[in-house]
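Here is a friendly briefing to read alongside the structure. Please keep the 3D view open as you go through the points.

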Amino acid sequence: MKPILRTAAVATTALLATLAAQAHNAWLLPSTTVLSKPDRVTVDAAISNDLFVANHAAMNLDNLQITAPDGAALKAETQAKLRQRSVFDVELPQPGTYRIAVVNAGVFASWKDKATGQPKRARGTAESIAGQIPADATDVNVTQSVGRNETFVTVGKPSALKPIGVGLELVAAGSLTDNVKGEKSSFTLLLDGQPAKDLEVGITAGGTVYRDKLEELKLKTDDKGQFSVTWPAAGMYWLEASTRDNKTTLPQAKERRVSYSATLEVAP
Amino acid sequence: MQLRYPLAPIALSALFAGPAIAAGLGVNIEIPRLNVSEYHRPYVAAWIERADSSMATTLAVWYDVRTKTNNPEGEGTKWLKDLRQWWRRGGRELAVPIDGVTGATKPAGKHALSFTEGSKPLAQLAPGSYKLVVEAAREVGGREVVSVPFQWPPAKADSATATGKEELGEVKVELKP
């Protein structure tokens with residue numbers, strides 16, 4: 001197979017695998033979210049139904065973005081993609097709050113093949129998708145997707161995170177790493193930098209494999225995009241929200257699917 | 001001349017009255033003797049919280065300080081965040097070591113500290129309700145917080161006590177007007 005075709009085939013397979021895995025939860029799990037002084041954290045990244053249990057698929061780390069408190073982009077020290085779990089170490093040299101995220105942007109297209117009338121699908125990037133759809137295709141449907149899975153670590157005194165402005169984004173009234181059992185944490189969910197109103201947010205504590213009920217907290221943002229939660233127990237929690245709109249960047253894309261997940265640590 | 005400025009002597013005597021003997025605070029912290037196979041001296045922080053739970057001042061922090069023989073790499077600060085409540089209330093804003101505040105971990109027993117209002121670390125305290133809070137965290141062990149409420153300024157010499165269950169023994173506040 002020509003190298004270009006092989007690369008395209010591999011990329012498509014990888015992206016299709018991601019599409020299949022979307023039914024599962026994508027999560028990052030840092031070893032800790034609070035450090036007294038500059039140190040390192042190690043992070044698990046996987047996709048599975050059981051929260052924080054890597055029993056399904058490893059997360060692709062190609063789009064790993066680590067942001068230092070001053071806004072600088074950092075690289076993972078070492079990383080590995082195992083069968084069911086990806087893992088990477090991050091050195092955190094400055095005081096302040098770090099953002100560790102895997103950000104995916106993709107395009108999904110479906111159409112009817114002109115000759116056979118068979119439905120076809122393809123997954124690609126905003127740049128590549130036009131080339132993947134035959135010119136004579138009918139019933140072309142193009143959807144964009146924007147997904148962010150992230151967690152946060154604070155060294156010493158917390159600092160305000162630089163806003164993203166694209167897709168769904170979580171902002172804390174205080175700090176995203178200041179969650180304590182029994183105390184109330186207040187958040188704002190933004191969509192493209194604006195309050196995400198009336199959006200459902202699900203928050204689930206880890207350890208689902210050890211209990212009979214999922215015990216997911218279902219909340220809704222108000223008209224300022226705000227919601228708050230009083231933490232029932234200490235531990236790692238997974239927060240997720242998603243939405244669909246038509247704010248696409250590709251002209252031929254009619255719909256944009258936006259998804260967001262964050263791992264928050266609640267101290268005892 | 002004496003009659004022209006009748007208020008002068010009174011004003012002068014007010015100037016020479018000087019500050020009243022400053023009020024003081026005695027803090028006694030008991031670290032319990034524990035019977036465990038792997039014992040590490042606890043990290044301890046003692047601070048004063050206002051009625052709204054904000055930190056007024058940190059009085060003492062005992063942790064693995066950097067010395068030539070013990071802990072030469074200064075790793076001891078790594079576990080300061082395990083004093084969770086102190087850390088969040090304001091401990092994380094401090095740069096340790098601090099003269100007169102931080103020091104090495106202490107052995108089991110009763111430890112007496114004494115503070116005078118106006119000299120560090122006990123700055124002037126506005127009148128009101130306060131709590132002396134002591135937090136202890138022990139490696140391969142637990143963590144406990146004990147608080148003792150008190151009123152400031154003290155009207156008379158008084159003391160208040162609270163006792164921990166596991167990681168702290170008796171914590172006593174002595175008020176010295």
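## Strands around A:W238

A:W238 stands opposite A:T263 in β20(A). In β19(A), A:W238 is also the bridge partner of A:T204. Please bear in mind that this is a predicted model, in which local features need pLDDT of at least 70 and side-chain atom pairs count only at pLDDT 80 or more, while totals for chains, interfaces and linings use all residues. Residues are numbered from 1 along each chain as its sequence is written, and chains are lettered from A and ligands numbered from 1 in the order in which they are written.

- β19(A) and β20(A) run antiparallel and are joined by eleven bridges; strands count as paired if DSSP finds at least two bridges between them.
- Strand β16 (residues 200-205) of chain A is antiparallel to strand β19 (residues 235-245) of chain A, with five bridges between the two.

**Chain A overall**

- Chain A has two helices and 20 strands, where helices (H or I, at least four residues) and strands (E, at least two) are DSSP runs numbered from the N terminus.
- Its radius of gyration is 20 Å, close to the 18 Å that the globule rule gives for 268 residues, so chain A is as compact as a globular protein of that length. The radius is taken over C-alpha atoms, and the rule is 2.2 Å times the number of residues to the power 0.38.
- The C-alpha trace of chain A spans about 65 × 40 × 40 Å along its principal axes.
- Of the 268 residues in chain A, 35% are buried, meaning that 20 or more other C-beta atoms, placed from the backbone, lie within 10 Å of the residue's own.
- Among contacts in chain A between residues at least 6 apart in sequence, 66% link residues at least 24 apart; a contact requires C-beta atoms, placed from the backbone, within 7 Å.

**Domains of chain A**

- Chain A splits into domain 1 (3-106 + 143-267) and domain 2 (107-142), with bounds from an automatic or database domain assignment.
- Domain 1 of chain A gives 13 residues to the contact, and domain 2 of chain A gives eight residues.
- On the side of domain 1 that touches domain 2, the elements giving two or more residues are α1 (3-21), β11 (138-155) and β20 (253-267) of chain A.
- The largest share of that side, four residues, comes from α1(A).
- By class, that side of domain 1 has five nonpolar, seven polar and one charged residues. Here Ala, Val, Leu, Ile, Met, Phe, Trp, Tyr, Cys and Pro are nonpolar, Asp, Glu, Lys and Arg are charged, and the others, Gly among them, are polar.

- Chain B has two helices and nine strands, and from the N terminus on its elements run α-β-β-β-α-β-β-β-β-β-β.
- Buried residues account for 25% of the 177 residues of chain B.
- Four strands of chain B form an open sheet with antiparallel pairing, in the order β5-β1-β9-β8.
- β5 (109-116) and β8 (158-163) of chain B stand at the edges, each with a single partner strand, so one side of each is left without a neighbour in the sheet.
- β8(B) pairs with strand β9 (residues 170-176) of chain B in the antiparallel sense over six bridges, and B:D158 stands opposite B:L175 in β9(B).
- Between the chains, nine residues of chain B are in contact with nine residues of chain A. The chain B side comprises two nonpolar, one polar and six charged residues.

Terms used: Buried ≥ 20, exposed ≤ 12 C-beta atoms within 10 Å, placed from the backbone. Contact = placed C-beta atoms within 7 Å.
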